[in-house]
Amino acid sequence: MPNCHPIDRRTTRGATQRGHVVDSSGFPLLVYDGDCAFCTRSVNLLRKRLPAFPQAQPWQQLDLAALGLTEQEVQDAVQWVDHGVHSSGGRVASELLRYQPNRALRMLGALCDTPPVRSVIAVVYRWVAAHRHQMPGGTAACAIQDRPSGPDRQHLAA
């Protein structure tokens, strides 16, 4: 998995937002559930608190096929897309930290991607995702119903 740094920003290749190319910051792209108030609030809070933040878009406004994502994937978990490489769920925390200009935060991101820590983060992520409708800012629209809660996925887009 390549490290993501703020200086590595390229234009997107075909990803659209409401018929328009996603803005020039391109990749990486954080894809979240725009219908979930908890998810939207979390993205906005992180955007304010972190020194660097990638472009973030609700999946409902994107051409998922152009990004190599499926509707099931984006319904199951938050996605990090960087030039055809996808991370999801708890692994996005690692990617977001490794994206930071601060070396200590990048090192923390690398630590989060080690097997023992990654496993704990995955369990916590799945629990929060399953209970996001009960979290502060969450609403009934945030509930994930009848969706499998599989493990974090990471794959290369075809």
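Let's start in the sheet: β3 and β5 run antiparallel and are joined by three bridges. Strands here are DSSP runs of E with at least two residues, helices are runs of H or I with at least four, and both are numbered from the N terminus; two strands pair if DSSP finds at least two bridges between them. Before going on, note that this is a predicted model, in which local features need pLDDT of at least 70, side-chain atom pairs count only at pLDDT 80 or more, and totals for chains, interfaces and linings use all residues. Residues are numbered from 1 along each chain as its sequence is written, and side-chain values use heavy atoms, with hydrogens and water left out.

Buried means under 20% relative accessible area, exposed means over 50%, and partly exposed lies in between (1.4 Å probe, protein chains only).

On to the next strand: four bridges join β5 to β6 (residues 85–88), and these two also run antiparallel. Gln79 has Ser88 of β6 as its bridge partner. The hairpin has two residues between its strands, and His83 there takes a positive phi near 55°. Ser87 also lies in β6, and its 1% relative accessibility is why Ser87 counts as buried. The side chains of Ser87 and Glu95 are joined by a polar contact of 3.2 Å.

Now turn to helix α1, which covers residues 37–49. Phe38, Cys39 and Val43 are buried in α1. Seen down the helix axis, the buried residues of α1 fall within an arc of 135° (taken from the directions from the axis to the C-beta atoms), so they line one face. Arg41 and Lys48, on the other side of α1, are exposed. The buried residues pack against β3 (29–32), β4 (55–58) and α6 (115–130).

These pieces meet in the largest nonpolar core, which has 16 residues; Leu30, Tyr32, Val43, Phe53, Ala56 and Trp80 touch the most other members. A nonpolar core is a set of buried Ala, Val, Leu, Ile, Met, Phe, Trp, Tyr and Cys residues joined through side-chain atoms within 4.5 Å. β3, α1 and α4 (91–98) each supply at least two residues of this core, and α1 gives the most, with three. A second, separate core of ten residues includes Leu29, Trp59, Leu69 and Val74.

Notes:
The expected span of a helix is 1.5 Å times one less than its number of residues. Contact means heavy atoms within 4.5 Å. A polar contact is a pair of N or O atoms within 3.5 Å; within protein, one must be able to donate a hydrogen and the other to accept it, and residues adjacent in sequence count only if both atoms are side-chain atoms.
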